[in-house]
Structures are given as structure tokens and as C-alpha cells.
Amino acid sequence: MTKGHTITIEQDARRVRVVRDGEVLADSRRALLLKETGCPERHYIPAEDVRTELLTPSGTTTHCPFKGDASYWSLPGAQDLVWAYAEPKPEVAAIKDHLCFYETQVDDA
């Protein structure tokens, strides 16, 4: 990481869900909480807890100098709704095989 930029990843024991138009896309109690300087906190959900059969690869890719190259997936009417790092940088290797959505619901119970 560069000076002043940090990323921390921790296990989140809370229930994390993604619901869009009444349909559950993800439901997990094994999500990772990623905190990055200058960015909103994000939950990375294990692929096994995501209904990946509903998602379509979008062809969009982005590069983060701290995490690596991300690929995106979409739903009808929701372009690039979810992303993942297939080969994350070693410092954030824990997010491999996890997907991240822009909007999640977190239950404190």
C-alpha cells in the first residue's frame, strides 16, 4: 500500500443480504468487510452464497492499484451491479472467490 492508504479485511459475523426487485441475489453470514481509505466500506460475499446463475458477465473491467483487476456482472436493468477480483493482489488475497455488490443489507441480529 502507498503511504496513507490502507485496506483492512475482517470477517463480518452479521447477516449480509442483497435483494433487488424482491429477489434475493445473495445471503451470507460469511461475508468479509473491506475498509479502504477514501472508499465506502464494502462487503465481499463468498461466491457460494450468491445466486450467480442470475448474473450475466458484462464485459466491463476496471483496475485498482491496490486490489488488482475487477470483472463485472449485470442483471436486466442493472448494469455492472456486482464485481469481483479473480486474481487479487497478495495484500487482499482474502477477497478471492468473493463478489461485491454496490448495495447490501446488513442485519445486526
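## Ground rules

Because the model is predicted, local features need pLDDT of at least 70 and side-chain atom pairs count only at pLDDT 80 or more, while totals for chains, interfaces and linings use all residues. Residue numbers start from 1 along each chain as its sequence is written, and side-chain values use heavy atoms, with hydrogens and water left out.

Strands here are DSSP runs of E, at least two residues, numbered from the N terminus, and two of them pair if DSSP finds at least two bridges between them. An open sheet is built from 3 strands in the order 3-2-10, with antiparallel pairing. Strand 3 (23-28) and strand 10 (105-107) sit at the edges, each pairing on one side only. From one strand to the next, the twist averages 25°; the angles are taken between N-to-C directions of lines fitted to C-alpha atoms, on a scale from 0 to 180 degrees.

Strand 2 (residues 15-20) pairs with strand 10 over 3 bridges.

## Two nonpolar cores

Now the side chains. In soluble globular proteins, nonpolar side chains tend to be buried together. A nonpolar core here means a set of buried Ala, Val, Leu, Ile, Met, Phe, Trp, Tyr and Cys residues joined through side-chain atoms within 4.5 Å; buried is under 20% relative accessible area, exposed is over 50%, and partly exposed lies in between (1.4 Å probe, protein chains only). The largest core has 15 residues, and I45, V50 and F101 have the most contacts inside it. Strand 2, strand 3, strand 8 (78-84) and strand 9 (98-101) each supply at least two of its residues, with strand 8 giving the largest share, 4 residues.

What does I45 touch, leaving aside neighbours within four places in sequence? Its contacts (heavy atoms within 4.5 Å) include V16, V18, A26, V50, L99 and F101, but also S28, D97 and H98. Apart from this core lies another, of 13 residues, among them Y44, C64, Y72 and W83.

## Salt bridges

A salt bridge is counted when a side-chain nitrogen of Lys or Arg is within 4 Å of a carboxyl oxygen of Asp or Glu, and by this rule there are 10. D27 and R17 form one, with their closest N and O atoms 3.7 Å apart. This pair ties strand 3 (D27) to strand 2 (R17), 10 residues apart in the chain. D27 counts as partly exposed because its relative accessibility is 31%.

R30 and E48 form another, at 3.4 Å between the closest N and O atoms. R30 is in the loop between strand 3 and strand 4 (32-36), and E48 is in the loop between strand 5 (42-46) and strand 6 (56-64), 18 residues apart. R30 is partly exposed at 41%, whereas E48 is exposed at 60%.

Buried or exposed: which describes K67 and E36? Both are buried, and their side chains meet in a salt bridge (2.5 Å, N to O). K67 is in the loop between strand 6 and strand 7 (68-75) and E36 in strand 4, 31 residues apart. Finally, salt bridges that share partners join R15, R17 and D27 into one network.
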